[in-house]
Amino acid sequence: MRKVLAGDAFRRYAVYALLVLVFCTMSVVAPRFLSIDNQAALLKTASLHVLPAIGFTLVLALGQLDLSFATVMTLGGMLTIGIEPRHGWFGAIAAALACGLGIGLVNGFLVARARVNSFIATLGTLTIVQGAVNIYCGGNTLNVDDYGVFQWLDQGTLIAPPVLMAVAAAVIFELVLQRTRFGLNLQLTGGNPTAAWECGLRTDALTIAVFALSGFLAAAGGSLAAMKNISATPKMGNESLMLVIAAVIVGGTSMKGGKATILGSVAAVLMLCAITNGLSLRGLGQETMLIVNGAVLAILVLAQAIATNRRELMKGRRAELLD
Amino acid sequence: MTARYRVAPWLEGAGIYSLVVLLVLAGAVSSPGFLRPESLLGTVQNVSLLGIAATGVAFVTYSGHYADLSVPAVMALSGIVCVSSLRWGLVPAILLGVAAGVAVGIVNGLVIGRLRANPIIWTLVTAAAGSGLIRWAFSNSQAYPSTDTAAGKAFVVLFGEKVAGVPLTVLVLAAMIAAGQFLLVKTKFGARLKLTGSSYEVARMTGVDTRGIVLAVFVLSAFAASVGGILLASLNRLGAEYIGKGYDFTSVTAVVLGGVTLAGGRGNMLGVLGGVLAIGLIETVLTLNGVSVDWQEVVKGVLFIVVVGTSAYLARRQGRDDA
Amino acid sequence: MIGISKRFPGTVAVDGVDFSVGTGEVHALLGENGAGKSTLVKVLAGGFADYGGEIRIDGKRADIRTPSAAKTHGIAMIHQELSLSPTQSVAENMLAGRLPVRAGVFVDRKAMNRQTAFLLARVGMDLDPATPVGRLSQHEAQLVEIARALGSEPRILIMDEPTSALTRDDVARLFGIIRKLKEEGLAVIYISHHLFEVFEIADRASVLRDGRLAGVREVAASSPEGLVRMMVGRDLTFACRATGPEGGGSPGRSERLAATGLGRLGFFSDVSFRLAPGEIVGLCGLAGSGRTELARSLCGIDPLGQGTVTLEGKPVKIRSLADALSHGLAYLTEDRKQQGLALRLTLRENVLSALIPGMGPGPIYAANSRIDVFSGLVEGLRITPPDPRQVTRNLSGGNQQKALLAKWLATKPKVLILDEPTRGVDVGAKALIHESILRLAGEGAAILLISSDLPELIQLSNRFLVMRKGRLIGELQREGTTEEGLLLAANGVTAGAR
């Protein structure tokens, strides 16, 4: 019997250890960090990035990239705010989600059927969507006056609706990913697409479905963010871009495709938001935080790369020769 | 089995020029004065900065490392460092600006070369870190060249300079394309680069210093971006953090349109020039026809996907499977 | 399969081939590389949507255009290149596409583990089903792949080079399983380069040549020479080292390379040996014995933990492959597709790729230089087509391997380490490669030959080194050493000690 080596376990749980570490550090560094008020705010902020992070995790598991998610978020937010006055919230949200789904389908089709590299395909769609957003809003911020929704979403409790939605989504999708045929087939396809095809898996349909989900979730995330702030700006999705990508990677999903973990991505999102939150409590200015953020991201991604590198070098070692 | 498939190098990259010709015709149709030398030069000047950045990114793509998404941050950094250093004279300021940019390139090259980090992710991280650095190190994240000093005065007109009637930026572009082409085709570095781009592993197993090659391409990319950034700052008469936004994706667009496939080892600088010209012509033709900037973005995105998708499809029909 | 044809851009892989296999029959499919065997079976396994001809199963027409369609007809395939997903566990790979569910939606992990354990036991393996496949050795992975194919209860089983990483025990067990399944009616299509396997297990044999059927024979009524003649279309004389180089291996002779106490933590330890000019030393061992790791460390690709290397008496420190090349030490990798040749480049670019430093003055690169070297090598090895602009991917396996050899011959090495130089190569190309190796030794190079092909080792080597589990456990002289002797030694049963 061969046991799963310690190295794997380390990689899988490293992010949770980091999360705990960050929380401890922040509570020491910033006195009010652990207060209910602050934690509620932190959780609400983090929850807005969770939905796109789930989408990105799924796409990365397939071995592909979806760089358009940030602009789709913006589009989702814009449509939600823009359509609400005339068609109410439900109509607006439905429209936003439908658009996100549609863009995702286009991405999926380009990658699966036209066999365009996903980096290129999503690069193209992101340009198109950003242009569309700018046309729609004329470069302006859109607002609505419905404070009811805002108040409902922005409750001061720890389990405000956005947080609940994020947690629910994360749990549901993690179950789907690890416990259903769809999820396992997805990871298998990411690990070795040719093998998956030869096993009879419908890899094209899988790819299209995953990209569609990513678009849908990105739009949902943007929509949620817009409703919470009851406004939408033309670049609102861009803040999520780096955070989501870094979080998904640090969370343990492999960049080559295959093994993926949504809970890990969510933990990493929370961790990164906690860092920003703690530092701003400490009174660090906007500029300082940006560079700290950048530095933290750099260190995390670097650490991941080093770890992966060392693992490659150590592949194939014989235990009996390790004197 | 008699398999014959010849490679016709002169054909690579030439495909984009058919699009260029089409666009020139479209332009001539749209406006009577389009074909005048001043007007054509103006079009080229509009995209000269994009072209300069694209020359650098082309090296990265050619090496099989997809793209350098830190280009906007490098442009901004070199611009702002240059502007802030004008008190020491124009030439020293330019050199400092370039040095700052190249420093980022060195970091990129080392991390991606030695740790084999994913280039897209890592350059996104350096971009974020770079932006943060600029915002933190320079108050207001902007710097204005003082027009009292001689250096300052020289700087602000730098962009508009003409040499024998040809805009300086166009000359710089031409020089960089020529130098880049020479490097690719006529030097041993270029031959090694081609091997590395075609297969990193094989290059490594042939004794090529792949880590050195990776370092070189990212330094080249940062160098080109720095030059572009300084000229861009001159155009805008200020150094700022947001200068250069959008150049990451558009330069990849130009590079890929120009026939340098993402798989690496294929294409050349003349093709990249074609890609750059195509983008410039699209913008001009659309502007002549009264299309708004946002709609132009949409058109560019659509065209990009169409062109890349079709060429990938055709390549696969012929039995090639890159990009 | 009737009149099957399949074209690819620029070539016809299979041209009007008829092939049939009966219930309970093992039918071998033979042919040189590029003859079309893999393509033919891939058609049956649903790998192509478009091809000419017709497939009939049990007399009825079967339209098989996707892998799922093939599965519905009970066709399973074991691939030449492993088709497992490295990040997924053994269980997930084993039951891919057939995951057991509970309550209609959720995957039943207990059932998965149970089924996996059962299937593994069948091929004699005992693994934790949760092990990621990427952590398995080649040998274990191949067994997993076989277990998976068997697990789908196929009616027609296609096996494409299923034994490349297996031990003799594994092969014996596998053949036992096949024989039992034959009795239950399983039809097997067996592709292998190892003729002795064919003679052991197959009932009939079809030979393909250049995409066409050259003939079908009852195995019992054929001879290896006869089959080879059908595959190649001519008689082959095998190059052989009839006599060793003068005084090869004896002490006191000038050495080309001496290695003392080489070790790399976790990979190999305490390896010492010498190579004399003109000598071919065969390094044998089972899969995973550390031979490739030794070669890589020797050539600077991987770091060397301990030990010294001297070349022609002078100690050298080789820290990179470029260092090694500058000292005249070259290494032909065992993986020609991903480490040996850049398949997207042209033949000339590949063959001359190790010569770039010398092709032009200073930093300038003269693309057209050394064309004479290229032509000489291509002719000498009879690489076809000899077109320098040929895209390397489109060459047959045998020609690709020749190109890889040419690449290293071009560097005029003083010491050449060959790692599986004729793996997956047809008989004709193999003979030419052997000729080249002998010629190189005759010109004074010292050669270290790593190979799992025992007849090849016996044919070419002056003496043998045996590695097992990262250590050098024996050295055997040419006289008196047989294939069995080498195999026993590799398994740790030493007859000839140091």
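Predicted model: local features only at pLDDT ≥ 70, side-chain atom pairs only at ≥ 80, totals over all residues.
The interface of chain C and chain A comes first. Chain C contributes 43 residues to the contact, and chain A contributes 35 residues. Together the two chains bury about 3,400 Å². Carbon and sulfur atoms give 56% of that area. Three residues of chain C stand out: Arg135(C), Gly266(C) and Phe267(C). They account for 16% of the area that chain C buries against chain A, more than any other three residues.

Eight residue pairs are in polar contact between chain C and chain A, with both residues at pLDDT 80 or more. Salt bridges across this interface number zero. On the side of chain C that touches chain A, several elements each supply at least two residues. They are the helices α2 (67-72), α3 (90-94) and α5 (138-151), and the strands β9 (106-107) and β15 (268-275). Helix α2(C) gives the most, with three residues. By class, this side of chain C has 16 nonpolar, 15 polar and twelve charged residues.

The structure holds two cavities of 30 Å³ or more. The second largest cavity contains about 40 Å³ of space. Its lining draws on chain A and chain C. From chain A come Leu184(A), Asn185(A) and Leu188(A). From chain C come Gln88(C), Glu92(C), Ala96(C) and Leu99(C). Helix α7 (residues 181-191) of chain A provides the largest share of this lining, three residues. Four of the lining residues are nonpolar, two are polar and one is charged.

Two backbone features of chain C complete the account. Most peptide bonds are trans, and most residues other than glycine have a negative phi. Thr384(C) and Pro385(C), however, are joined by a cis peptide bond, with omega about -10°. Pro385(C) is located in the loop between α13 (371-380) and α14 (397-409) of chain C. Glu312(C) has a positive phi of about 50°, although Glu312(C) is not a glycine. Glu312(C) also lies in a loop, between strands β17 (306-311) and β18 (314-316) of chain C.

Definitions and conventions:
Residues numbered from 1 in each chain as written. Chains lettered and ligands numbered in written order. Heavy atoms only, no water. 1 Å grid on protein atoms, 1.4 Å probe; cavity = no way out; pocket = protein on both sides within 12 Å on 5 of 7 lines; lining within 4 Å. Points joined across faces, edges and corners; volume = space filled by probe spheres on them. Helix = DSSP H or I, 4+ residues; strand = E, 2+ residues; numbered from the N terminus. Nonpolar A, V, L, I, M, F, W, Y, C, P; charged D, E, K, R; others polar. Contact = heavy atoms within 4.5 Å. Buried area = accessible area lost by both parts, 1.4 Å probe. Salt bridge = Lys/Arg side-chain N within 4 Å of Asp/Glu carboxyl O. Polar contact = N/O pair within 3.5 Å; in protein donor to acceptor, adjacent residues only side chain to side chain.
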